[in-house]
Every structure is written in structure tokens, then in C-alpha cells.
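Subject: Structure for your files

Hello,

Here is the structure we talked about passing on. My notes follow below it.

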Amino acid sequence: MSDSGYKSGSNLEKVLKAGHFAFTGECGPPKGANVGHLKEKMEPLRDMVDAINVTDNQTAVVRMSSKAASALMVMAGLEPNFQMVCRDRNRIAIQSDILGASALGIRNMLCLSGDHQQFGNHPESKNVFDIDSIQLIAVAKKMRDEGKFINDEAIDEPPKIFIGAASNPFGDPWQFRAHRLANKIDAGADFIQTQCIYNMERFREFMKQAVDMGLTGKTHILAGVTPMKSAGMANYMAKFVPGMDVPQELIKRLKGVDKKMQAEEGIKFALEQIEEFKQMEGVAGVHLMAIEWEHRVPEIAERAGVLPRPKVD
Amino acid sequence: MIVADRKPLDEIQEMIKDYDKIMLVGCKGCVTVCNVGGLKEVQILASALRIGRKKDGRTLHVEERMLERQCDPEYIEQLRDSYDSVDAVLSMACGVGPQFLSETYPSQRFYPTVNTKFFGGAVQHGIWDERCAGCGTCVIHYFDGLCPIARCSKSLQHGPCGGSADGKCEISKETECIWDTIVKKKVDQGRLEDLRLYRAPKDWRTARDGGPRRSIREELVK
């Protein structure tokens, strides 16, 4: 830990440590070297969120590297949450990228296993999976807190990163989900961002279990929200996205309104969720994944009553 | 055992299109057990190749041979008197066979007729599943005798990932999520706590990542 008492001194860390209800966003880098396109997607998030997740070749589709896009955000005065998956890097590349990210001023990192390449646009590729997401968390923590690589060699200047992890409360087998969250916290996750939540009943149970296990006192849990744009999107997610739990009532609710109003109904549901998360024990904030809807984030943030974002020095 | 699939006939025909006389060598080891390279399969492939060639108005002479194993020089030697009487030799063994043949008889040309896939076993008649990745450092005792290195699509030592649904892996509804099985077994045995332990990154040097491997049994080496 640095002299300031912060692990990385990121804005997200400061907001969470000050006890504010955090609000993070997400931005998928472009399928090209087009910086202008990246700026179009990230600028709407300025002053709307505490940090912006930069996805790492999500769904195994090749895009601009998350480290490069994160660095571009730093240069533009925005705070990235650099996502890193284990699918494409061995431990040499992982540790090198952690040092590189820190050197570029990136102060948050989200540790993920990564979607299998079978989903993506290069299913013929070889995967790596030298280490898994929980080992990645432990590696990042060891580098930062002990100043050592996996092999125990000393690092001349340790990276400064606030370490995040993902949790899917709806994955199977359900009995193990809170325990896997506990494993991530034990490994060193400073904050958690959950998978998109639609089944509020199941999420309440999951959070109750997390609170009962004492997990919420050891990390900051941000509840994942993705507004549905249409009943079609809800149907698709229910059927084709692994590990996603979309209740039939929600699909019915969206179908129940005129097609033109379905996006508004999706936003309304998201706003109701955010209101409940603000009150829910153990929930420290919301992670808004407005997929290809970055320009709607200011409106959603405004209506969710999370503006202005706190400034913590 | 080593499990393999027969290569498509047209691929094999393409390999041998310039030859009139070939030898087809089966193996009584794993490929016999997984019904891909035993006596019966040698006969079937030889017939198919002959018939295919006849359609082109040419004749293919196929000498059919069976070896006890193709992963042992002792049996490979049994072809010494005949290997060069043909234009090419096709092995129906796993990937080891054509290589042992090639190393023993440098002047001949050898071709594989199967795609060698994995270490596994028959889960039902006609269906074989992978069980072992040959990583060189067995850890299945941590996971109640089930191997996530071979059977988890991401080789996770701390699974299951968020893509596990209804006991299936995110890559396909046909693929079992082995982590689902591991967790359920631990739950049934009341030992879920075992899965709260942290496992250090694996040392892959004993796997293929450490380069081609060798196994030495000193007491047997002359």
C-alpha cells in the first residue's frame, strides 16, 4: 500500500473507500485502429461514471487491445478499468502487461478467464489458459503488495492497480457461486463486478448469502446492469448467452409495450433495479454495461440519480 | 487408451494418388480397441481404396499387414523384409506408428490414415471421451478423481467459470461441464470446503510446454 493509504489511488478505489455508491460504465474497443470511433464511445461516459471497463476481445472477437484503449482513455483524462483475460496470454505476457498497464497510468484491472474462442471470429485459434482468473488475481496482488513476480523474483517498481474480479451469481452449479466469489476475494479481489442481473429474486438470495458469509465486508460488490433494448434482445439473452438468467416475466413486460417503447421499458426496469441496489445490503455500487448504447449512459445516470459523480481527493 | 478417428477416404486417396502398390499396416493396440486401425478396419480401408482406384480405371495393389504394436521397435522390425516392396506405406496406428516406421526405414515414404485425438475411453459403444491431457503432473486427487485440466475447456483449476449452465459447458450444449460434476460430488460428500483452497499456477514443464518429453526407467535401461 502506498503512503496515501490507497492500493492504487484510482478514482474508483477512492470513491469506494469513501463509502460512496459507485457507478461504473463499459466501453468495447473498436474493431480497428480507429481512435476516433473509440472516442465517440468513451466521451459520453465522461463525468457520468467513476471508471470505464475496457473489454478485452470480448466474446473472443478481435478488437483494439484493451491495454491500448485503456491508455488512450488515460491520455484523454478518463479512468479505465482495464480488462484482462487468461485466454490469450501466458504468465509471461500477463505479468508484462500488468507492468505495462501500470506504467501507462492504468490503475484498475479486471481479472477474467475469458470467453472461449469457440464463440468468436477466430474459432481455429489455440488458447492459452496458463493460469485461471483466480490465479490472475493472486498474481496481480503478489506483484503489487509483495513486489514479486510469480517466480518470487523482485520487481524493481511494483505496479499500482486496484484489482477487480467478475462474479456470475446465476451460473451453475448455484451452490458454489458464493464460494467461488469467496475464493476470488481470498485471492485478492478489491472489488467485484457481477454478471448482468435480471433475476432480482435470485440476486437477493445471492447477496444474502454473501453478507452471511462475511464477504461484503472484505470487498466492494458492484451489481451488473444491462438495460434491455427490446424484447428481442431479452429473448436472445435468455436463450443464447451462457450463464444468463432472464426471467419470463421480464420478457413479458417488454413484450407488453409497443415496440417503440420497449427500449424505454428496458431502461425503466434498469432504473428500478438501481434503486433497489442502492438500498441492498452489501451492494457497493452499480456496473452499467450499456452495450453499444454508450450515448444513452448520461440519460440513464441522470435518471438513476447518481449524478454528479463524487470527487474524492 | 489413445483414441483416433479415421481420416476421410478422399484425403487418403489424394495422398496415394501417384502410387500403384501400397502397404496398409494396422495395429493391435489402442486403435484396435477404438475400432479405427485394427484388422477389420485395415480390410475395410484396403477394399475401399481398391474400389476407388478401379473407378478411375487403374489398379491399386494393397498389401494388408497387422503388427502387434507400432510403438515398439521389436514389432516395427517385422516389416524389414517387405517394406521396400511397395511404393508407400500407410499406417493405421496412432501418430506414433508412422513415426516409428519412418525412423526405422528412412528410405520409404509413410502416411497416416487416422487423426490421433486424445487419451480416453469408451463411455458407450461407439462413443469415446477424453479423460487425460497427459500434462505430466497428475492432480485429479484434488478434484475427486475428475480432471479439469483435460475436461474443462479452459483447464481451470478454480472452476466453474460463469459460462457453466445446466451441467453443460459454454462452448456447446454437447459438452459436459466437468466442474459442475466436481462441485456436485463435493456437495454430495459434504466436502465443498475442499474447493475453497487456492491452487498455485500449474508447472507446465512436465506437459508438452516443456518441449518433447522422455520417460526413463533406469532399471530397465541396458
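Before the rest, the ground rules. This is a predicted model, in which local features need pLDDT of at least 70 and side-chain atom pairs count only at pLDDT 80 or more, while totals for chains, interfaces and linings use all residues. Residues are numbered from 1 along each chain as its sequence is written, chains are lettered from A and ligands numbered from 1 in the order in which they are written, and side-chain values use heavy atoms, without hydrogens and water.

The overall form of chain B: the C-alpha trace spans about 65 × 45 × 25 Å along its principal axes. Of its 222 residues, 42% are buried, meaning under 20% relative accessible area (1.4 Å probe, protein chains only).

On the interface, 31 residues of chain A and 29 residues of chain B take part in the contact (heavy atoms within 4.5 Å). Together the two chains bury about 2,500 Å², 54% of it on carbon and sulfur atoms; this is the accessible area (1.4 Å probe) that two parts lose on being put together, summed over both. On the chain A side, A:Gln135, A:Asp172 and A:Phe176 lose the most area to chain B, together 21% of what that side buries.

Regards

Note on methods:
Buried means under 20% relative accessible area, exposed over 50%, partly exposed in between (1.4 Å probe, protein chains only).
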